[in-house]
Amino acid sequence: MCGIAGILNFKNEPVAYSQLKAMTDSIAHRGPDGEGQYVDGSLGLGHRRLAIIDLSPAGHQPMQTRDQRYTITYNGEVYNFKELRIELEAKGYRFHSHTDTEVVLNAYAEWGDKCLSKFNGMFAFAIWDKKERKLFLARDRYGIKPLYYFLNNSCFIFGSEVKAIIGSGLYKASLDKEGLVEYLTFQNFFTDKTLFQDIKMLMPGHYAYVSLSGNFTKHQYWDFNFSGSLKISEEDAIEETDRLFKQAVQRQLISDVPVSAYLSGGLDSGAITMVARKYIPHMKTFTIGFDLSSATGLELSFDERAKAERISYLAKTEHYEMVLKAGDMERCMDKYVWHLEEPRVGQSYPNYYAAKLASKFGKVVLSGAGGDELFGGYPWRYFYGEEQISFDNFIDAYYLKWQRLVSNTQLKELLEPIWDEIQHVWTRDIFADVFKSIKKDSFNPDEALRASFYLEAKTFLHGLLVVEDKLSMAHGLETRVPFLDNDLVDFAMKIPNHMKISGHVQTANENDLASKIQATRGGKHILRKTLGKYLDKSVTDNKKQGFSSPDASWFKGESIEYVKRELSVVSSIFSQNVINEIVDQHVSGIKNNRLAIWSFLHLEEIFPVFLMK
C-alpha cells in the first residue's frame with residue numbers, strides 16, 4: 001500500500017526529479033517506509049512506500065522489468081499474486097523480490113491490459129512502456145484505491161491524491177462549480193468529476209492509455225451486474241456464501257506485518273473478526289464509541305462499544321477503544337479536511353480517529369465495508385415501486401430519494417450568486433446516466449430493486465471506499481475489505497432478491513422508528529443466516545446501524561457555537577441567508593440537517609486551503 005504520482009509532458013520537456021519529489025513529499029503520509037522517482041525524458045514516476053509484503057529493499061519502487069522496458073509505480077495489494085507468480089514463472093519469468101508489485105508488473109508485460117481480469121485485490125497503478133512510449137493506468141474493480149488525473153494540451157499528471165497533482169507546480173487549483181452542484185445534490189460524485197476544476201478520477205473498473213502525443217483513451221473492463229439469476233436453494237446459498245466468505249478473509253490475511261480489525265459491534269466486522277482470529281494469534285481489534293451525554297432520539301443507540309466488547313470477548317481479541325466527544329470534530333477538522341480533500345458520503349471524521357487508533361498498533365486493518373451493498377443492507381433506501389413501473393418513472397421517483405443535502409429548489413437559492421454559471425447542470429440526467437447499462441425494456445419492480453443495488457455499489461460504496469482510503473492512509477494504515485473479494489462479489493450478485501431482502505420490506509417514512517427497525521432487520525437475510533455460525537442472535541438479529549456520531553444532537557447543543565461561528569460568514573458562491581436557514585431549521589428541530597451542516601463545514605474549511613487562492 002503506497003502513494004503514486006507521475007507526469008507525462010507532451011512538449012518533449014524533461015521531467016525534473018525535484019518536481020517528482022515535491023509530488024511524493026505531498027503524500028509522504030501514504031508511504032513512510034521509502035520513496036523513489038524515475039525519469040525517462042518527458043516521463044516521470046514517483047512513489048511513496050508503505051511496506052506490507054516483502055519488507056526488504058527489493059520492494060523499492062518505481063520498479064522495472066528485467067529488460068527495463070516496463071516501469072511501474074503501484075499502490076495496492078493483489079491477494080492472488082502467489083498463484084499468478086507460479087503461472088508467470090512457468091512462462092519463463094524470473095523474480096528478484098517476493099512482492100505482488102513485481103507480479104503485477106510482469107503480468108502486464110505478459111498479458112497487457114488483459115492482466116486486470118486476473119487480479120483479485122485492490123490497486124491503482126501506472127506502467128510506462130519505454131519501447132512504445134505510452135503510459136498505462138488502471139484502477140481496481142470497485143475503486144478501493146483512488147487515482148486522480150489532470151490532462152491538458154501540455155501534460156498529463158496523476159496521483160493517489162489531488163495534493164500530489166497540485167505539488168507538481170503545473171496545476172493551479174480552482175473550484176469546479178459543476179462538480180459542486182453534483183456534490184450538493186448527492187453528497188457524493190456520481191461522475192468522474194471532483195471539486196477541483198479539470199481534475200478527474202479514473203473510475204472503478206477502468207484503465208487508460210496516454211501517449212506522448214497527448215492522446216488519452218479510457219476503457220471499462222468490469223462492472224457490477226446484480227442479475228439475481230442463480231437457481232439455488234437457500235441452504236446451498238448459505239453454504240456457498242460461507243465458503244467464499246471464509247476464503248475471502250483468509251486470502252486477505254497475507255502480510256509480512258501484523259493484521260488487525262475494526263470491530264463496530266455489527267454483523268460484518270464481527271464475522272470477519274471471528275474468522276480472522278483463527279489464523280492470527282493475539283489479534284487486535286478497535287472500536288470508536290461516542291459520549292452520548294447530550295444525545296437524544298435515535299442517536300442514543302449510536303455507541304456500539306458494548307456490542308463490540310461482546311464480540312471481542314467471544315473472539316478473544318486484544319481490544320482497544322476510543323470515545324469521541326462533541327469537541328473532537330473541531331480538534332481534527334483542519335487535518336481531516338487536508339487529508340480527505342474533497343468531501344464524500346456521510347460524516348466521516350470518526351473514521352479518521354479509528355484509523356489513528358489502529359495505526360498505533362500496526363499497518364494493516366480489516367474492515368466490513370461492502371457487506372451492505374452486496375447483500376441488501378439498506379432496505380429502507382431501495383426503490384420497490386408499484387406493480388407496474390417504467391424506467392423513466394423509476395428514475396424520477398428514485399432521484400428524489402437521493403437528493404441527500406439540498407433539493408433542486410433550494411439548490412437554486414443556495415447557489416444564486418453563481419447560478420448563471422451552473423444552471424445548465426441537470427443532476428437528474430447525472431443520476432439517470434448511472435443506469436446506462438441497466439436493461440430498460442420490460443422494466444419491473446424486481447429490476448428496480450436490482451437497479452437500487454447497482455446504484456448503491458456503483459456510487460455510495462465508491463464514496464465510502466475513497467473516504468476510507470484517504471483517512472486510513474493519513475496515518476500510514478492499509479485497510480482491507482474482505483467482502484470485496486472477487487469470488488464473493490461475483491456470487492453475491494447472482495443471489496436472488498428474495499434471499500437478500502426478507503419479504504421485500506419497505507418503509508414509507510424513514511423517520512418512523514418502528515418501520516425503520518423492521519426494514520433494517522429485513523436486509524441481508526442470507527448473510528445473517530450464513531454468519532449465524534460465528535455470532536449469536538444478539539448480533540445477527542440486530543437492526544442495521546451505520547457508523548455515525550450523534551452530530552444531529554451535538555449541532556443543536558455542544559457544537560452549536562462552533563457551527564454558528566464557522567458558518568456565520570460563508571464563501572461568496574453561497575447565499576448566506578440559505579445557510580442560516582439550514583442551520584436554524586436544524587437547531588429548532590424543524591428538520592434534521594446534520595449532513596448539510598457537516599458538508600458546509602467541510603466546504604468552508606477546504607475552499608481557502610485548495611480552491612479559493
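How many bridges join strand 2 to strand 3? Select residues 34-40, which are strand 2, together with strand 3: 7 bridges join the two, and they run antiparallel. (Helices, H or I of at least four residues, and strands, E of at least two, are DSSP runs numbered from the N terminus; two strands pair if DSSP finds at least two bridges between them.)

Before moving on, note that this is a predicted model, in which local features need pLDDT of at least 70 and side-chain atom pairs count only at pLDDT 80 or more, while totals for chains, interfaces and linings use all residues. Residues are numbered from 1 along each chain as its sequence is written, and side-chain values use heavy atoms, with hydrogens and water left out.

**Stop 1: strand 3**

Stay with the hairpin of strand 2 and strand 3. It has 2 residues between the strands, and Gly41 takes a positive phi near 65 degrees there. Further along, Gln37 stands opposite Gly46 in strand 3.

Now select residues 43-49, strand 3 itself: 7 of its 7 residues are buried (under 20% relative accessible area; exposed is over 50% and partly exposed lies in between, with a 1.4 Å probe and protein chains only). In a regular strand, side chains alternate between the two faces of the sheet. Here, Leu43, Leu45, His47 and Arg49 are buried on one side, and Gly44, Gly46 and Arg48 are buried on the other.

Look for Leu8, which stands opposite Leu43.

**Stop 2**

Zoom out to the open sheet of 6 strands, in the order 2-3-1-9-8-10 with antiparallel pairing. Strand 2 and strand 10 (199-201) stand at the edges with a single partner strand each, so one side of each is left without a neighbour in the sheet. From one strand to the next, the twist averages 15 degrees.

Select strand 8 (residues 148-151) with strand 10: 3 bridges join this antiparallel pair, and Tyr149 stands opposite Lys200. Then show helix 1 (residues 17-26), which packs on the sheet and touches strand 1, strand 2, strand 3 and strand 9 (155-159); its direction makes about 145 degrees with that of strand 2. (Contact means heavy atoms within 4.5 Å; axes are lines fitted to C-alpha atoms, for helices over the stretch in contact, and angles run from 0 to 180 degrees between N-to-C directions.)

**Stop 3: helix 2**

Select residues 81-90, helix 2. Its buried residues are Phe81, Leu84, Arg85 and Leu88. Seen down the helix axis, they fall within an arc of 105 degrees, so they line one face of helix 2 (the arc is that of the directions from the helix axis to the C-beta atoms). Ile86 and Ala90 are exposed on the other side.

After helix 2 comes Gly92, with a positive phi near 105 degrees.

**Stop 4**

Finally, find the open sheet of 5 strands, ordered 15-14-13-16-17 with parallel pairing. Strand 15 (318-324) and strand 17 (478-480) are at the edges, each with a single partner strand, so one side of each is left without a neighbour in the sheet.

Select strand 13 (residues 259-262) and strand 16 (residues 364-366), which run parallel and are joined by 3 bridges. The bridge partner of Ala261 in strand 16 is Leu366. Last, select helix 8 (residues 305-315): this helix packs on the sheet, touching strand 14 (284-290) and strand 15, and its direction makes about 175 degrees with that of strand 15.
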